[in-house]
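Let's take a walk through this structure together, from the overall layout down to a few aromatic side chains. Keep the 3D view open as you read.

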Amino acid sequence: MVTATATRKAAKNTARKEPKHTPALQRVIPYQEKVRLMVIEVLREESGRELAASARFTGQEFDWEQHNAQFRKDYAETLLRDLLTYARKLYGLQNLDEVRDRRAAHKATRTGRLNALNGLSTTDDLDTDEEFEVDLEEDINLDD
């Protein structure tokens with residue numbers, strides 16, 4: 001039998017477990033981290049395309065989901081300067097502007113692919129100059 005005291009204690013403990021409020025700007029990723037994550041995603045996409053093409057050429061299968069998960073795990077802690085070195089040496093991307101342009105091209109390609117799959121016109125205006133911060137979180141959580 002549950003006593004009134006036990007019920008009050010349970011209610012009090014439940015009330016204490018409410019999540020602490022954190023102001024919105026303290027929950028936002030700093031700009032430098034957003035830039036680092038953008039570079040990771042461009043490198044992930046570029047390397048995946050290259051490895052997928054190589055697998056097609058040799059008649060092998062390429063698992064994008066496995067590549068995406070492993071790539072993000074492998075480079076999760078890599079410093080921005082090291083990522084930019086990879087971008088320069090492996091893909092000729094000399095600076096952040098070129099990385100942003102490549103990301104915009106990836107987004108345009110993905111949007112075109114999705115529009116084609118959904119039967120939408122590929123002549124719809126694609127905003128490829130959109131700031132990368134707007135949907136960076138969405139891109140990071142996608143498993144393309």
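**A walk through the helices**

The chain holds 7 helices and 0 strands, so its elements read α-α-α-α-α-α-α from the N terminus on. Of its 144 residues, 26% count as buried. The chain exposes about 10700 Å², and carbon and sulfur atoms supply 52% of that area.

How far can you trust what you see? The mean pLDDT of the chain is 82, with 71% of its residues at 70 or more. Helix α5 has the highest confidence, at a mean of 97, while α7 (residues 136-141) has the lowest, at 46. Over residues 128-144 the pLDDT stays under 50, although the model has 35 contacts beyond four places in sequence for this stretch. Where pLDDT is low, the predicted coordinates should not be read in detail.

Now turn to the interior. Nonpolar side chains tend to be buried together in soluble globular proteins. Here, the largest nonpolar core has 14 residues, and Val39, Leu43, Leu93 and Val99 have the most contacts inside it. Helices α3 (31-57) and α5 (80-91) each supply at least two residues of this core, and the largest share, 7 residues, comes from α3. To see the packing around one member, select Val99: not counting residues up to four places away in sequence, Val99 touches Met38, Val39, Val42, Leu84, Ala87 and Leu93.

Helix α3 deserves a look of its own. Its 27 residues reach 39 Å from the first C-alpha to the last, close to the 39 Å expected at 1.5 Å a residue. After α3 comes Gly59, whose phi is positive, near 75 degrees.

Finally, the aromatic rings, where the count comes to 3 pairs. The ring centres of Phe62 and Trp64 are 5.3 Å apart and their planes stand at 90 degrees, so this pair is edge-to-face. Both are partly exposed: Phe62 has 27% relative accessibility, and Trp64 has a relative accessible area of 25%. The rings of Phe71 and Tyr75, by contrast, have centres 4.6 Å apart and planes at 40 degrees, so the pair is tilted. Why are Phe71 and Tyr75 separated by about one helical turn? Because they are 4 residues apart in helix α4 (residues 64-75). Phe71 is buried at 10% relative accessibility, whereas Tyr75 is partly exposed at 24%. Together with Tyr86, Phe71 and Tyr75 form one aromatic cluster.

Key:
Residues numbered from 1 in each chain as written. Predicted model: local features only at pLDDT ≥ 70, side-chain atom pairs only at ≥ 80, totals over all residues. Heavy atoms only, no water. Buried < 20%, exposed > 50% of the residue type's maximum accessible area, 1.4 Å probe, protein only. Areas by Shrake-Rupley, 256 points an atom, 1.4 Å probe, with all protein chains shown as cover. Core = buried A, V, L, I, M, F, W, Y, C linked by side-chain atoms within 4.5 Å. Contact = heavy atoms within 4.5 Å. pLDDT = per-residue confidence, 0-100. Expected span 1.5 Å × (residues − 1). Phe/Tyr/Trp six-rings, centres within 6.5 Å; stacked < 30°, edge-to-face > 60°.
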